[in-house]
Amino acid sequence: MIRVVLVDDQSVVRAGFAVILGSEGIDVVGEASSGAQGVRVARELRPDVVCMDVRMPGGDGITATRELAGPGVADPVPVLVVSTFDLDDYVFGALEAGASGFLLKDAEPEVLVDAVRRVAGGDGLVDSSLTRRVLEEFARRRAPAARDDDAAALLTPREHDILALLCRGSSNAEIAAALYLEASTVKSHLGRIMTKTGTRDRVQLVVWAFERGVATAGR
């Protein structure tokens, strides 16, 4: 069973999420009303996923995400940021802090459940309404002026092809269709790419690629 910690300053939001997730067999094992408290609870309980709000009194969600899942964290806890706000700075801040996904609070219940399952399974996600905009803007803002040749050399030509499509927001099925592969083959390739790059999910793999100029988003 997937174990989740909910971090949100509004008790009604936590209660609603708990009902939605619990009805689908996902166990809410802890709650917190601030980022700082969420870090303490998550470190104690070690859930499979932390659902993290962004703006909270007593410690914001971006800082908490960085403490739980950011670069240099030896034993990270996967974080799904669930926010009312889709402002670029929040989305980019969450991704750079190590979040495995970003979802808007007005998402349908089944989307929340799917997001938690995907993050727990190591896939990660960005809300479908934000994906294209986020990837293209992230590439524009974060990609370095020069390509990191050492990073690029880690990957085979086929892996570069797959990563480029991933960075354009393509799903496994879309990548498979574009490259005439089986979806299972794409999934295996992505697993090897994440192992080579030291990333834990698709979202952080995209961040890695943009930061090193290895792949860019495009139409």
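**Close-up views**

**View 1. Arg 46 counts as partly exposed, at 34% relative accessibility.** Buried means under 20% relative accessible area, exposed over 50%, and partly exposed in between, with a 1.4 Å probe and protein chains only. Arg 46 sits in the loop between helix H2 (35-45) and strand E3. Helices (DSSP H or I, at least four residues) and strands (E, at least two) are DSSP runs numbered from the N terminus. Arg 46 is not a glycine, yet its phi is positive, at about 50°. This is a predicted model, in which local features need pLDDT of at least 70, side-chain atom pairs count only at pLDDT 80 or more, and totals for chains, interfaces and linings use all residues. Residues are numbered from 1 along each chain as its sequence is written, and side-chain values use heavy atoms, with hydrogens and water left out.

**View 2. The whole protein has 11 helices and 6 strands.** Of its 219 residues, 48% are buried. Contact means heavy atoms within 4.5 Å. Take the contacts between residues at least 6 apart in sequence: 68% of them join residues at least 24 apart. The predictor's confidence in each residue is pLDDT, which runs from 0 to 100. Its mean over the protein is 86. A value of 70 or more is reached by 87% of the residues. Strand E1 (residues 3-7) has the highest confidence, at 98. Helix H6 (residues 131-142) has the lowest, at a mean of 64.

**View 3. Asp 53 lies in the loop between strand E3 (49-52) and helix H3 (61-69).** An unreviewed UniProt entry places the feature "modified residue: 4-aspartylphosphate" here. UniProt positions follow the numbering used here, feature names are shortened, and annotations may be inferred rather than shown by experiment. Is Asp 53 buried or exposed? Asp 53 is buried, because its relative accessible area is 5%. Leaving out residues up to four places away in sequence, Asp 53 touches Val 7, Asp 8, Asp 9, Gly 61, Val 82, Ser 83 and Lys 105.

**View 4. Ser 83 belongs to strand E4 (residues 79-83).** Its relative accessible area is 0%, so Ser 83 is buried. Beyond four places away in sequence, the residues that Ser 83 touches are Asp 53, Val 54, Phe 102, Leu 103, Leu 104 and Lys 105. Phe 102 lies in strand E5 (residues 101-104). Phe 102 counts as buried too, at 0% relative accessibility. Phe 102 and Val 91 are 11 residues apart in sequence. In space they are 6.9 Å apart, C-alpha to C-alpha.

**View 5. The largest cavity holds about 50 Å³ of space.** Rolling a probe the size of a water molecule over the atoms shows where empty space is left. On a 1 Å grid over the protein atoms alone, a cavity is a set of points where a 1.4 Å probe fits but cannot get out; a pocket is an open set with protein on both sides within 12 Å along at least five of seven lines; lining residues have an atom within 4 Å of a point. Points are joined across faces, edges and corners, and a volume is the space filled by probe spheres set on them. How many cavities of 30 Å³ or more does a search of the whole structure find? The search finds 1. E1, helix H1 (11-22) and E3 each supply at least two lining residues. H1 gives the most, with 3. By class, 7 lining residues are nonpolar, none is polar and 4 are charged. Ala, Val, Leu, Ile, Met, Phe, Trp, Tyr, Cys and Pro count as nonpolar; Asp, Glu, Lys and Arg as charged; the others, Gly among them, as polar.

**View 6. The second largest pocket has a volume of about 290 Å³.** Its lining has 15 residues. Pro 71, Gly 198, Thr 199, Arg 200 and Gln 204 lie nearest its centre. Helix H4 (88-96) and helix H11 (202-211) are the elements that give two or more residues to this lining. H11 has the largest share, 4 residues. The lining of this pocket has 5 nonpolar, 6 polar and 4 charged residues.

**View 7. Helix H8 (residues 157-166) is mostly covered.** In H8, 7 of the 10 residues are buried. Among them are Glu 159, His 160 and Ile 162.

**View 8. Tyr 180 lies in the loop between helix H9 (172-179) and helix H10 (183-197).** Tyr 180 is exposed, with a relative accessible area of 77%. Its phi is near 60°, a positive value in a residue other than glycine.
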